[in-house]
Amino acid sequence: MATTRPRLRELGITVGKLEPGPLNAITDVPGVAVGHATIIADHPHVLRTGVTVVMPEADPWSHEFFAGVHSFNGCGEFTGWIWLEESGCLTSPICLTSTYSVGAVRDALISIAGDRGHRRHWHLGLVGETHDGWLNDGYAMAVTRREVEAAIDAARSGPVAEGAVGGGTGMICHEFKGGIGTASRLVECGGGRLTLGVLVQANYGAREDLRVDGVPVGRAIGKDQVPSPRDKPLDAGGSILIVVATDAPLLPMQCRRLAQRAASGLGRTGGFGHNGSGDLFIAFSTGNRLETKGDDFLTHGPARPPIHVAMLPNGEMNPLMVATAEATEEAILNALCRAETMRGIDGRIAHALPLDRLQEIWRKERG
């Protein structure tokens, strides 16, 4: 769903202290690409859904990338997660979609990999979900291989569409329209300049908890001004998926440490990881690129020599940790800024965050 609404910085509001990359997006990390496929229809089913794909490189099945995961709260699904956590390696594109579409997207990833010549001994697809059932008829099972392949083929390294697109199409954040958002940071560490980017699928939070640069914006926008899409907030709090990418040379345990820091950015916007929330984070590094040579080096096969990898000293990671928190916070706010008001199933409406009120409240607080 195309939008003309501005991003956070275009409103004159900045968060954090670090410099963003040229696009202020996860695609500032060299090689990383993002693609979306969006489904919006009213007949025969009301559909507000889709899939978003994050690619560590153009052909993500040809190489392994070190990665780590963190469950801030685990009321959600990220299939393929367990092997990634065990092996420390990303072996698939990362797909974000609707709760009831996880299986279809996983099957599509495997069949697409096979059809494109990557017939390993076995293959796992990595698919995360948040629930768009307040606006979308999830039981229609609308996401198919066609959408997954379209998102993969559409993946580009340039600007990233945000808001109600791809997997974020039907999502709600802090009782405003939510969805996909992204941001990046440049850091000086390890003797050079490195890039870190974040992409979120935001579908969580209560109105009164929303904060922008520490300003309690949500409390100042009453439901008499902008109605909530629900009669009352879900006690569960909703869910969020967060993907962190960096070109810093990191080992899996270091990627996991970065994934954990995404919780700091979520907390800064007003996310708490409620009992019924699926807050699942993944971080990967393109700084170590492990060639598969046609077979999966994690499975049995001919003897192969040791693989030499690089590692940023742990003491150099502080700037990346700060960058993760800052980029996560801004990515969530970009999702809110870019998302348009949407009407969905049963006539329910998720209203966009009113940007004029956002600016007014923020300026009053910040002077």
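This passage describes local features of a predicted model.

Salt bridges come first. A search of the whole structure finds 20 of them. In one, Asp115 pairs with Arg145, and the closest N and O atoms are 2.8 Å apart. This pair links distant parts of the chain. Arg145 is partly exposed, at 27% relative accessibility. Glu149 is likewise partly exposed, at 22%.

Another salt bridge joins the side chains of Glu175 and Lys223, at 3.2 Å from N to O. Its partners come from distant parts of the chain, 48 residues apart. Glu175 sits in the loop between β8 and β9, and Lys223 in the loop between α4 and β12 (238-246). Glu175 is buried, with a relative accessible area of 1%. Lys223 is partly exposed, at 38% relative accessibility.

The structure holds 3 aromatic pairs. One of them brings together Phe78 and Trp81. Their ring centres are 5.6 Å apart and their planes meet at 50 degrees, so the pair is tilted. Both Phe78 and Trp81 are buried. Tyr100 and Tyr139 make up another pair. Their ring centres lie 5.0 Å apart, and the planes stand at 50 degrees, so this pair is tilted too. Tyr100 is found in the loop between β6 (94-98) and α2 (102-115), and Tyr139 in the loop between β7 and α3. The pair therefore ties together parts that are 39 residues apart in sequence.

The two tyrosines also contribute to the surface. With Met141 they form a nonpolar patch there. Together the three residues have about 360 Å² of accessible area. Tyr100 is partly exposed, with a relative accessible area of 34%. Tyr139 is exposed, at 63%. Met141 counts as partly exposed, at 47% relative accessibility. Met141 is placed in the loop between β7 (126-130) and α3 (145-154). An aromatic ring also takes part in a contact with a charge. The charged end of Arg348 sits over the ring of Trp134, 3.9 Å from its centre.

The cysteines were examined next. The structure holds 0 disulfides. A disulfide is a covalent bond between the sulfur atoms of two cysteines. For Cys75, the closest cysteine sulfur is in Cys173, 17 Å away, so the two are too far apart for a bond. For Cys337, the closest cysteine sulfur is also in Cys173. That distance is 11 Å, again too far for a bond. Cys75 is partly exposed, at 44% relative accessibility. Cys337 is buried, with a relative accessible area of 1%.

Several backbone features are set in loops. A cis peptide bond joins His43 and Pro44, with omega at about 0 degrees. Pro44 lies in the loop between β1 (33-41) and β2 (47-55). His174 has a positive phi, near 50 degrees, in a residue other than glycine. This histidine is in the loop between β8 (172-173) and β9 (176-177). His174 is buried, at 0% relative accessibility. Asp213 is not a glycine, yet its phi is positive, at about 55 degrees. Asp213 occupies the loop between β11 (192-204) and α4 (217-220). It is partly exposed, at 22% relative accessibility.

His36 is in strand β1 and counts as buried, at 18% relative accessibility. The C-alpha atoms of His36 and Thr324 are separated by 23 Å, with the residues 288 apart along the chain. Glu340 lies in the loop between α6 (318-338) and β14 (342-343). Glu340 is partly exposed, with a relative accessible area of 23%. Its C-alpha atom is separated by 22 Å from that of Ala142, 198 residues apart along the chain.

How values were computed: Residues are numbered from 1 along each chain as its sequence is written. This is a predicted model: local features need pLDDT of at least 70, side-chain atom pairs count only at pLDDT 80 or more; totals for chains, interfaces and linings use all residues. Side-chain values use heavy atoms; hydrogens and water are left out. Patches are made of residues with over 30% relative accessible area and no salt bridge: like charges are joined within 9 Å, nonpolar side chains (Val, Leu, Ile, Met, Phe, Trp, Tyr) within 5 Å. Accessible areas come from the Shrake-Rupley method with a 1.4 Å probe; for residues, only the protein chains shown count as cover. A salt bridge is a side-chain nitrogen of Lys or Arg within 4 Å of a carboxyl oxygen of Asp or Glu. Helices (H or I, at least four residues) and strands (E, at least two) are DSSP runs, numbered from the N terminus. Buried means under 20% relative accessible area, exposed over 50%, partly exposed in between (1.4 Å probe, protein chains only). A disulfide is a pair of cysteine sulfur atoms within 2.5 Å. Rings of Phe, Tyr and Trp (its six-membered ring) pair if their centres lie within 6.5 Å; planes under 30 degrees apart count as stacked, over 60 as edge-to-face and the rest as tilted. A charge sits over a ring if NZ of Lys or CZ of Arg is within 6 Å of the ring centre and within 35 degrees of the ring normal.
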